[in-house]
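Subject: Structure handover

Hello,

Here is the structure we spoke about. Please open it alongside this note. My findings follow below.

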Amino acid sequence: MDLISFDPRDLALSRSRRLGLAAARSYRDEYGHIAALATTPVGTWLTGRRHLAAKNELDTARADALAALVPD
């Protein structure tokens, strides 16, 4: 999934995934990165995704959507 076609209102995605990606994108747009503190809601969500990715348990489409937030 690329962010150009990402629509947080797309009901094909789970509500938590839609909200999490939208929050991460908003955070990135405001601060220029997605290194949110784990004590914030978006940081907590991102920490969970990073934890899953580290264990190779993050779905490929979800990993791609997150990678699209920070291509470097």
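Start at E57. With a relative accessible area of 48%, E57 is partly exposed. Its side chain meets that of K55 in a salt bridge, at 3.5 Å from N to O. K55 is partly exposed too, at 42% relative accessibility. Please keep in mind that this is a predicted model.

**Overall picture**

The protein has three helices and zero strands. From the N terminus, the order is α-α-α. There are 72 residues, and 28% of them are buried. The accessible surface is about 4800 Å². Carbon and sulfur atoms account for 55% of that surface. I also looked at contacts between residues at least 6 apart in sequence. Of these, 32% join residues at least 24 apart.

**The loop between α2 and α3**

Helix α2 covers 41-54 and helix α3 covers 60-69. N56 sits in the loop between them. What is the phi of N56 near? It is near 55°, a positive value in a residue other than glycine. That deserves a look, because most residues other than glycine have a negative phi. Is N56 buried or exposed? N56 is exposed, at 71% relative accessibility, because the cut-off for exposed is over 50%.

D59 is in the α2–α3 loop as well. Its relative accessible area is 42%, so D59 counts as partly exposed. The side chain of D59 reaches the backbone nitrogen of A61, at 2.9 Å. D59 can also be placed against R49, ten residues away along the chain. Their C-alpha atoms are separated by 9.7 Å.

**Salt bridges**

How many salt bridges does a search of the whole structure find? It finds two. One is the K55 and E57 pair described above.

How do the two partners stand in terms of accessibility? D29 is exposed, at 55% relative accessible area. R28 is partly exposed, at 21%.

**The aromatic pair**

The structure holds one aromatic pair. The partners are Y27 and Y31, and the pair is tilted. Their ring centres are 4.5 Å apart, with 40° between the planes. The angle makes the pair tilted because stacked needs planes under 30 degrees apart and edge-to-face needs over 60.

Why are Y27 and Y31 separated by about one helical turn? Because they are four residues apart in helix α1, which spans residues 15-31. Y27 is buried, at 17% relative accessibility. Y31 is partly exposed, with a relative accessible area of 46%.

**Where to look**

- N56, for its positive phi.
- D59, for the reach of its side chain to the backbone nitrogen of A61.
- Y27 and Y31, for the tilted aromatic pair.

Best wishes

Terms used
Residues numbered from 1 in each chain as written. Predicted model: local features only at pLDDT ≥ 70, side-chain atom pairs only at ≥ 80, totals over all residues. Heavy atoms only, no water. Helix = DSSP H or I, 4+ residues; strand = E, 2+ residues; numbered from the N terminus. Buried < 20%, exposed > 50% of the residue type's maximum accessible area, 1.4 Å probe, protein only. Contact = heavy atoms within 4.5 Å. Areas by Shrake-Rupley, 256 points an atom, 1.4 Å probe, with all protein chains shown as cover. Phe/Tyr/Trp six-rings, centres within 6.5 Å; stacked < 30°, edge-to-face > 60°. Salt bridge = Lys/Arg side-chain N within 4 Å of Asp/Glu carboxyl O. Polar contact = N/O pair within 3.5 Å; in protein donor to acceptor, adjacent residues only side chain to side chain.
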